[in-house]
Amino acid sequence: MVVKEESSCVYKNGDAPVEARVKDLLSRMTLPEKIGQMTQIERRVASHAAFTDFFIGSVLNAGGSVPFEDAKSSDWADMIDSFQRSALASRLGIPIIYGTDAVHGNNNVYGATVFPHNIGLGATRDADLVRRIGAATALEVRASGAHWAFAPCVAVLRDPRWGRCYESYGEDPGLVCEMTSLVSGLQGVPPEEHLNGYPFVAGRNNVVACVKHFVGDGGTDKGINEGNTIASYEDLEKIHIPPYLKCLAQGVSTVMASYSSWNGTRLHADRFLLTEILKEKLGFKGFLVSDWEGLDRLSEPQGSNYRYCIKTAVNAGIDMVMVPFKYEQFIQDMTDLVESGEISMARVNDAVERILRVKFVAGLFEYPLTDRSLLPTVGCKEHRELAQEAVRKSLVLLKNGKNADKPFLPLDRNAKRILVTGTHADDLGYQCGGWTKTWFGLSGRITIGN
């Protein structure tokens with residue numbers, strides 16, 4: 001009898017159309033199971049009970065949050081698979097999607113290949129190189145057990161005073177659009193008939209991509225981080241939105257909202273941009289995730305009046321909330337808001353449909369656990385040679401000064417010695433930069449490299 005009931009579950013049939021599977025699974029879910037799918041927690045608070053009692057749908061690791069010091073890809077896979085087995089033990093067996101900031105290779109993991117940052121890749125002007133880097137990164141991310149890379153950042157850099165400018169490909173919207181080829185590297189290239197805006201993941205050697213941070217994060221006034229982008233909607237359309245159009249055309253599966261504001265309105269609370277523009281006008285059918293504690297920033301002091309923050313962000317269009325720690329409070333407040341009618345059941349269903357759609361497209365129901373055959377790709381010779389190619393192509397020659405009589409460049413080919421000095425001269429960690437092992441980067445021999 002149980003076997004017969006299971007075989008009638010459309011959502012468990014890998015041959016059934018994605019939308020039919022989504023509809024079937026959604027119809028079987030309780031409110032707690034739906035809210036669980038909308039909740040993303042940090043790995044440090046993940047437990048068996050979090051998945052079986054609270055139905056948590058997603059886990060991530062902060063930069064610097066590791067299973068243990070110098071944990072290798074196989075150790076990460078062991079940890080993520082243990083979370084996945086707990087999720088599969090829940091009533092409906094909905095797999096988690098595990099996300100990580102693999103922004104220049106699987107850069108959180110010791111021994112993984114680290115590629116140049118976006119600002120360097122922009123200097124290459126080589127979209128195919130960026131696509132190949134995406135494909136190599138996808139293999140190493142999947143080898144570690146993760147399914148989802150929070151990349152690419154397509155901020156169009158308008159003020160170099162922004163401290164995160166190395167995460168941008170450059171100041172020219174056209175160049176940033178070209179570099180969105182990373183999406184096709186991470187997810188695979190969709191077929192020509194693929195519906196614009198519908199999520200796409202080619203197979204088990206690919207990961208879910210996440211284009212960020214929607215929208216205008218590189219255009220804040222005076223380059224202030226998490227600041228205010230003062231611009232007309234026409235300027236947004238001309239400068240900051242074009243890279244998102246290119247990503248949607250490649251089937252990018254998720255979008256992350258920006259900490260920044262647009263003309264004084266926090267992006268996490270901007271229904272016009274998140275819902276009316278991204279989802280309705282541009283036709284985005286994947287899901288929209290908040291940034292780390294992005295909801296907490298909607299009140300002063302941060303984290304106060306959390307119920308209001310949830311109501312505002314979810315009604316604005318946020319589908320999955322990167323909580324990341326106080327998930328029991330989030331679930332309680334979210335439940336109260338739905339039961340009081342302040343967040344409609346239709347909004348919850350829309351969010352969960354989007355999340356399930358990406359999970360089905362990514363093949364998580366068929367292949368929830370790590371493919372260990374990918375482990376030899378981590379830091380392999382081919383990937384390191386690709387990284388070297390990227391370094392060569394990203395080198396930028398600075399222009400000579402005004403003294404035409406004694407130009408500094410080209411260097412005298414007869415010079416016997418060249419002095420290279422300073423703290424960054426021979427420091428692997430500093431050469432790697434931010435988002436390497438920790439979010440802010442470290443100095444010293446922090447990983448395997450030369």
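Guide: A salt bridge is a side-chain nitrogen of Lys or Arg within 4 Å of a carboxyl oxygen of Asp or Glu. Please keep in mind that this is a predicted model.

Visitor: What makes arginine 347 and aspartate 350 a salt bridge?

Guide: Their closest N and O atoms are 2.8 Å apart. The cut-off is within 4 Å, so the pair counts as a salt bridge.

Visitor: How are arginine 347 and aspartate 350 placed in helix H15?

Guide: Arginine 347 and aspartate 350 are 3 residues apart in H15, which means about one helical turn separates them. An α-helix has 3.6 residues a turn, so residues three or four places apart point the same way.

Visitor: What makes arginine 28 and aspartate 24 a salt bridge?

Guide: Here the N to O distance is 3.1 Å.

Visitor: How do you know whether aspartate 24 is buried or exposed?

Guide: Aspartate 24 has 13% relative accessibility, so it counts as buried. Arginine 28, at 29%, is partly exposed. The buried residues of helix H2 are Arg21, Val22, Asp24, Leu25 and Leu26, and they pack against helix H3 (31–37) and helix H15 (345–361).

Visitor: Why is helix H10 called oblique to helix H11?

Guide: Helix H10 (residues 233–240) and helix H11 (residues 242–249) pack at an angle of about 55 degrees, with their axes 5 Å apart. Under 35 degrees would be roughly parallel and 65 to 115 roughly perpendicular, so an angle between those ranges is oblique. That makes H10 oblique to H11.

Visitor: Which residues make the contact of H10 with H11?

Guide: H10 brings Leu236, Glu237, Lys238, Ile239 and His240, while H11 brings Pro242, Pro243 and Tyr244. They divide into 5 nonpolar, 1 polar and 2 charged.

Visitor: What does UniProt place at residues 30–358?

Guide: The unreviewed UniProt entry places "domain: Glycoside hydrolase family 3 N-terminal" there. Over residues 30–358 the chain is 40% helix and 11% strand.

Notes. Residues numbered from 1 in each chain as written. Predicted model: local features only at pLDDT ≥ 70, side-chain atom pairs only at ≥ 80, totals over all residues. Heavy atoms only, no water. Axes fitted to C-alpha atoms, helices over the stretch in contact; angles between N-to-C directions. Helix = DSSP H or I, 4+ residues; strand = E, 2+ residues; numbered from the N terminus. Parallel < 35°, antiparallel > 145°, perpendicular 65-115°, else oblique. Contact = heavy atoms within 4.5 Å. Nonpolar A, V, L, I, M, F, W, Y, C, P; charged D, E, K, R; others polar. Buried < 20%, exposed > 50% of the residue type's maximum accessible area, 1.4 Å probe, protein only. UniProt positions renumbered as here; feature names shortened; annotations may be inferred.
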